Amino acid sequence: MGRVMDKVALVTGGASGIGLSSALLLAKEGAKVVIADFNVDGAKAAAQDIKSRGGEAVGIFLDAGDENSIKEAIKFTVKQFGTINVLYNNVGSTNLKKDLDVVNMDLDEWDRLMNLNLKSVLLGTRFAIPHMIKAGGGSIINTASMAGFFSDSIRSAYGASKAGVVILTKYIATQYGKNKIRCNAVAPGLILTPAAKNNMTPEVLDIFAKFNALPYHGEPEDIGNTVVFLASDESKFITGQTIQVEGGHYIANPSIADFEDYMKK
Ligand code: NAI
């Protein structure tokens with residue numbers, strides 16, 4: 001018996017990285033999965049992969065920056081599998097050339113990221129909730145980021161949008177908890193997804209590794225396993241929380257790695 005047996009799950013941004021890993025793990029634990037992504041070929045390939053292992057999945061197109069497209073993805077899920085029990089709002093992005101410090105950042109990029117990273121969570125949730133109420137409850141999971149808790153010299157819009165995801169998660173949990181709808185988020189630290197690997201040189205990865213409590217980087221499965229837990233009834237008394245999956249990168253005095261270097265001298 002799988003941990004999310006027969007639950008119907010919609011995963012946005014499921015063709016790659018964290019979303020892909022989560023979709024595969026949800027399916028492995030018995031969920032029927034709709035994989036929705038801008039990259040529709042990737043979404044279909046992921047669904048095919050699940051089906052070839054005996055699972056149930058469909059890949060569809062989604063533009064998470066577009067209200068109507070999100071509405072259609074929820075509608076499709078309910079039509080395909082009869083209901084929606086799990087919504088994983090995972091799409092998010094930034095553009096490191098435009099999402100800069102507050103003086104120099106491109107304001108169109110600010111608007112784009114608020115729409116794509118934050119409003120998409122609101123919209124997916126808004127369209128899924130009536131179906132979840134009908135089904136007697138559900139689990140909504142959002143991808144936040146450690147960038148929503150700690151500031152940086154750039155990525156101002158990304159961080160602000162992800163902090164928005166953290167608090168919106170609590171609002172949703174508060175407003176619909178009595179309907180047995182839980183809402184939680186996962187805040188990844190650096191996770192070695194294709195996006196992260198493309199954006200980072202080996203030197204940058206070394207800087208991250210230096211500040212991790214654990215001696216390794218995060219993998220997409222580290223988030224996927226958390227998502228399965230939050231989707232399953234194992235987490236039935238957990239709501240409004242953001243689980244930080246970040247290798248202990250942010251737990252200690254930030255200067256500890258430099259002090260250790262100093263003590264070795
Ligand atoms: P990824 O680039 O590997 O996967 C993102 C997926 O979303 C891709 O399949 C892409 O086609 C899809 N996508 C992009 N824009 C879309 C749109 N408008 N509509 C529908 N689909 C769209 O990225 P990754 O790393 O797996 O990121 C997933 C989430 O995790 C994002 O919300 C990101 O902000 C968050 N995150 C990732 C971290 C990391 O280190 N990888 C750290 C913290 C948060």
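Reader: F150, how exposed is that one?
Author: F150 is partly exposed, at 40% relative accessible area. Buried is under 20%, exposed over 50%, and partly exposed in between (1.4 Å probe, protein chains only). The model is predicted, so local features need pLDDT of at least 70 and side-chain atom pairs 80 or more, while totals for chains, interfaces and linings use all residues. Residues are numbered from 1 along each chain as its sequence is written, and side-chain values use heavy atoms, without hydrogens and water.

Reader: ok, how many aromatic pairs are there?
Author: The count is two aromatic pairs. Rings of Phe, Tyr and Trp (its six-membered ring) pair if their centres lie within 6.5 Å; planes under 30 degrees apart are stacked, over 60 edge-to-face, the rest tilted. One of the pairs is F38 with F61, which is tilted because the planes stand at 40°, with the centres 5.8 Å apart.

Reader: where do F38 and F61 sit in the chain?
Author: F38 is in the loop between β2 (32-37) and α2 (40-52), and F61 is in strand β3 (residues 56-61). They are 23 residues apart, and the pair links distant parts of the chain. Helices (H or I, at least four residues) and strands (E, at least two) are DSSP runs, numbered from the N terminus.

Reader: is F38 buried or exposed?
Author: F38 counts as exposed, at 58% relative accessibility. F61 is partly exposed, with 45%.

Reader: new topic. how many cavities of 30 Å³ or more?
Author: One. A cavity is a set of points on a 1 Å grid over the protein atoms alone where a 1.4 Å probe fits but cannot get out.

Reader: how much space lies in the largest cavity?
Author: About 80 Å³, counted as the space filled by probe spheres set on the points.

Reader: what lines the largest cavity?
Author: It is lined by 13 residues (those with an atom within 4 Å of a point), and T12, I70, N89, S120 and G124 lie nearest its centre. β1 (8-12), α3 (67-81), β4 (86-89) and α4 (107-135) each give at least two lining residues. The largest share, three residues, comes from α3.

Notes:
1 Å grid on protein atoms, 1.4 Å probe; cavity = no way out; pocket = protein on both sides within 12 Å on 5 of 7 lines; lining within 4 Å.
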